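Open the structure in your viewer and keep the selection tool at hand. Each stop below tells you what to select next and what is there.

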Amino acid sequence: MSIFLGGTGSSNELHDYEKGFWTPQFYGTGALSNIMTTSTNNAEYIKIGRLVYVEAWVVISSKNNASGNLRMKGLPFSNGGNYTWIGHQRFENVSNVGNISSLGGYLGDGSQVVVWQYATTTTVANVNVTSLANNANIMLAFSYPAWNQ
């Protein structure tokens, strides 16, 4: 199927459009880096050229003894940017992270793993798995550049 933007000439044809589903997997960086169990896991993506837009709603039903800093893997494409910031996501049932002014994370260059962090007025720190309740709701939506394939 061809998609055309602003006309039907060959210069207006969009050659790279993809839509699908992905599976976010949350885990910790500690000795027990088990994948957390989710009771709800709705995630979709759209890729236009190199731009990838992802959204997801995840409910953590069990942390499965995960420990350490919170990470998420499973993105549909590797990051093609030089450390891409993912800002202002929504986490519910999170504690012990101080007076948060921003909750987000970043993707390393070539990575498919999000490092979750929070910011207060005085510091930026990693979100620890112990901050999540077993019924934590995570809603996210962000875009990033895909690695050239």
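Start with a rule for ring pairs. Rings of Phe, Tyr and Trp (for Trp, its six-membered ring) pair if their centres lie within 6.5 Å; planes under 30 degrees apart count as stacked, over 60 as edge-to-face, and the rest as tilted. By this rule the count comes to 4 aromatic pairs.

A word on the source. This is a predicted model: local features need pLDDT of at least 70, side-chain atom pairs count only at pLDDT 80 or more, and totals for chains, interfaces and linings use all residues. Residues are numbered from 1 along each chain as its sequence is written, and side-chain values use heavy atoms, with hydrogens and water left out.

**Stop 1: the whole chain**

Show the protein chain as a cartoon. It has 0 helices and 13 strands. Helices (H or I, at least four residues) and strands (E, at least two) are DSSP runs, numbered from the N terminus. Now colour by burial. Buried residues make up 38% of the 149 residues in the protein chain. Buried means under 20% relative accessible area, exposed over 50%, and partly exposed in between (1.4 Å probe, protein chains only).

Next, think about contacts, meaning heavy atoms within 4.5 Å. Take those in the protein chain between residues at least 6 apart in sequence: 67% of them join residues at least 24 apart.

**Stop 2: two ring pairs**

How is a ring pair described? A pair of aromatic rings is described by the distance of the centres and the angle of the planes.

Select Phe26 and Trp116. Their ring centres are 6.5 Å apart and their planes are at 20°, so the pair is stacked. Phe26 is in strand S4 (residues 25–28) and Trp116 in strand S11 (residues 114–119), so look for a link between distant parts of the chain, 90 residues apart. Both Phe26 and Trp116 are buried.

Now select Phe142 and Tyr144. Here the ring centres are 6.1 Å apart and the planes are at 40°, so this pair is tilted. Phe142 and Tyr144 are both buried.

**Stop 3: the core**

Keep Phe26 and Phe142 on screen. They have the most contacts inside the largest nonpolar core, which has 31 residues. A nonpolar core is a set of buried Ala, Val, Leu, Ile, Met, Phe, Trp, Tyr and Cys residues joined through side-chain atoms within 4.5 Å.

Which strand gives the most to this core? Select strand S13 (132–145). S13 gives the most, with 6 residues. Strands that each supply at least two residues of this core include S5, S6 (51–62) and S7 (70–73).

Go back to Phe142 and show its contacts. Leaving aside neighbours within four places in sequence, they include Val52, Met72, Ile86, Leu107 and Val114.

**Stop 4: Lys47**

Select Lys47, in strand S5. Is Lys47 buried or exposed? Lys47 is buried, with a relative accessible area of 8%.

The side chains of Asp16 and Lys47 meet in a salt bridge, at 2.7 Å from N to O. Asp16 lies in the loop between strand S2 (13–14) and strand S3 (17–21), and Lys47 in strand S5, so the pair ties together parts that are 31 residues apart in sequence. A salt bridge is a side-chain nitrogen of Lys or Arg within 4 Å of a carboxyl oxygen of Asp or Glu. A search of the whole structure finds 1 salt bridge. Asp16 counts as partly exposed, at 28% relative accessibility.

Lys47 lies over the face of Phe77, at 5.3 Å from the ring centre. A charge sits over a ring if NZ of Lys or CZ of Arg is within 6 Å of the ring centre and within 35 degrees of the ring normal. Move on to Lys73 and Tyr27. The charged end of Lys73 sits over the ring of Tyr27, 5.6 Å from its centre.

**Stop 5: Asn42**

Stay with strand S5 (residues 37–48) and select Asn42. Asn42 counts as partly exposed, at 44% relative accessibility. Beyond its neighbours within four places in sequence, Asn42 is in contact with Glu55, Ala56 and Trp57. Draw a line to Ala56. Asn42 and Ala56 are 14 residues apart in sequence and 5.4 Å apart in space, C-alpha to C-alpha.
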